[in-house]
Amino acid sequence: MAKRPEIHQNWPANFSPTHPSSPMSVSSPTAAISASELQVLRQFLEDYADTLDAQDLEHWPDYFTEDALYQVISRENHEAGLLHATMHCDGLGMIRDRAQATRECTVYEPRYLRHFLHGLRVRSRSAQGLETRCNFLVIESTSDEEPRVLLVGQYLDTVVHTEQGMRFKKRLCVYDNYRIYNSLVFPV
Amino acid sequence: MNPNPTSIDMATSRRWPEEGITRVPAWIYSDPGLFRRELDEFFAGDSWNFVGLDCEVPEKGDYKRAWIGDRQVIITRDADGVHVLENRCSHRGGAVVWQNKGHARMLTCPYHQWGFNMKGECRGVSLIKGVHGEGGMPPDFDMKQHGLRRLRVAVVGGSVWASFSDTVPDFETYCGPLAMKRLRRLMPGRPLKLLGHSRQLIPCNWKLYYENNRDPYHGTLLHTFFITFGLYRADSRHDTSPEQGGMHSVNVAAPGDRQGDGSFTKELKRFKDFKLNDMEAVKFADEYGDGEMTAMQLFPSAFIQQHANVLAVRLINPKGVRATEVDWTYFGYADDDADMQRIRLKQANLLGPSGFVSMDDSELLKQLQRQVDGYPDSKAVLEMGGRDVKPQVTMATEVGLRAFYDFYRQRLGL
């Protein structure tokens, strides 16, 4: 069996091995991206995950543009075109507010969080930036229980280049969970 | 998550404390026998249960799966309106519908392909005449006798309610005048729009969650977020009204109707002078013109809530003695303008599994369940606001909890 290339820039833009009418179940077409840009993108995504693993809410807003949309939304709502999101931040102001309110105003059990990223796809490049998708798995370990899967799903992102480096213009954390175990305290 | 099968039925050997409704014994939150009785006698018994909004099944042939306690039901629509059916094939009991929402001409059980229309009437039995003259159903088998069980249904202002009981009074009588008035305030018949769902599984007995919403006392103490933004403060007007003998509860808060100079809240040690960058997330647009917010419970499973401009019904689905699913249905009105819809979506950050307010509750209740498990003979003290069950105009009261346990003990003979 032929080994799949690391970067799929040679695949046709309309590549689609399964039925095209269910967009979430098809492999995504990929856009041309240089090895160096891909490396920067991977580092950006890993840095973000590390910031949240560290529960470093102070620096979490630094990953977003001023007009960013950040949502943690169930796949059920997202695919039905329903707008309600479990976390909904419309602009950097609300992203900063969530960071501060989580730090200052809420009561929660101590926990460790680990983000695992896999399957990065650069789906297209537009004037807006790079449209990317990446699977996430978040494992939560609370102070006196076994680790459990807190959330599993996909990031659907729009990543732009700025003078400060890459930033999210849009980050939708679309989760597959039918329900969330107890609380989702920290952003994903 | 499941009731512990080896545990003895503690309800038979334990008694309610002598003090009566000012004490709640911890064992009621972990007793599997009692839990089974609650499911059968409350959720599947003489009660009305929220199952969804009628705008979730807008077209003929649309259906939605829902839960009443541990029983699955289906909400359907046909030319005659909305129906609620057991999601249980009349043949062998299989789940007819597996999807949470869908559209179909017929509901067909996958196991043996029995078919039902949207009213649950049996319209087809596979191989009813057998094969080559052998087998098949007896000649007198009557499909009409084998429909999906239909529940009683009430549709009020776009909300759909169902009951397994043939004896419970009609929905309006069941709710009583005050609860109906408050429900119609939010759902006057103005078409509703579904904004989305959110679900969480809180590892606690359903009654701990139920009590939490009846308890305005904690709202101004645990929930720093509320205090900080003046959304819910101890010095605001607050009506706490147990209804229908403690079965339901209607709480009304008027955040702008405040007595004193605010110094009371400033005394709370967790008060912080904290500003949001985006105040739209907390700013209350008085869309009903009365300056009020509402949280009401309709026994046993529904909380209907208007926190500022977030409208939601929370459905309680007990999934085990120590596990409660809370299924949030967020809605607005079909004629909301873009500004109001944006405000509702932003303010929803206060509620649900990641809510700046609700998160405190789910975190706390998980800890509380461990306490009642570990100390089953302990008892809670409910004397805030006195020892009786009369409605009160204050949030410094536990009258809602006392009234609920008054009702609860009578219904279960405890």
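Chain A holds an open sheet of six strands with mixed pairing, in the order 2-1-6-5-4-3. Strands (E, at least two residues) and helices (H or I, at least four) are DSSP runs, numbered from the N terminus, and two strands pair if DSSP finds at least two bridges between them. This is a predicted model, in which local features need pLDDT of at least 70 and side-chain atom pairs pLDDT 80 or more, while totals for chains, interfaces and linings use all residues. Residues are numbered from 1 along each chain as written, with chains lettered from A and ligands numbered from 1 in written order.

- Eleven bridges join strand 4 (129-142) and strand 5 (148-162) of chain A in the antiparallel sense, with Ile139(A) opposite Val149(A).

**Helix on the sheet**
- Helix 1 (35-53) of chain A lies across strands 3, 4, 5 and 6 of chain A, at about 155° to strand 3.

**Contact with chain B**
- In chain A, 31 residues are in contact with 37 residues of chain B (C-beta atoms, placed from the backbone, within 7 Å).
- Helix 3 of chain A gives the most to this side, with six residues.
- Strand 7 of chain A and strand 12 (192-202) of chain B pair in the parallel sense over two bridges, and Ile180(A) stands opposite Gln200(B).

Technical notes:
Contact = placed C-beta atoms within 7 Å. Axes fitted to C-alpha atoms, helices over the stretch in contact; angles between N-to-C directions.
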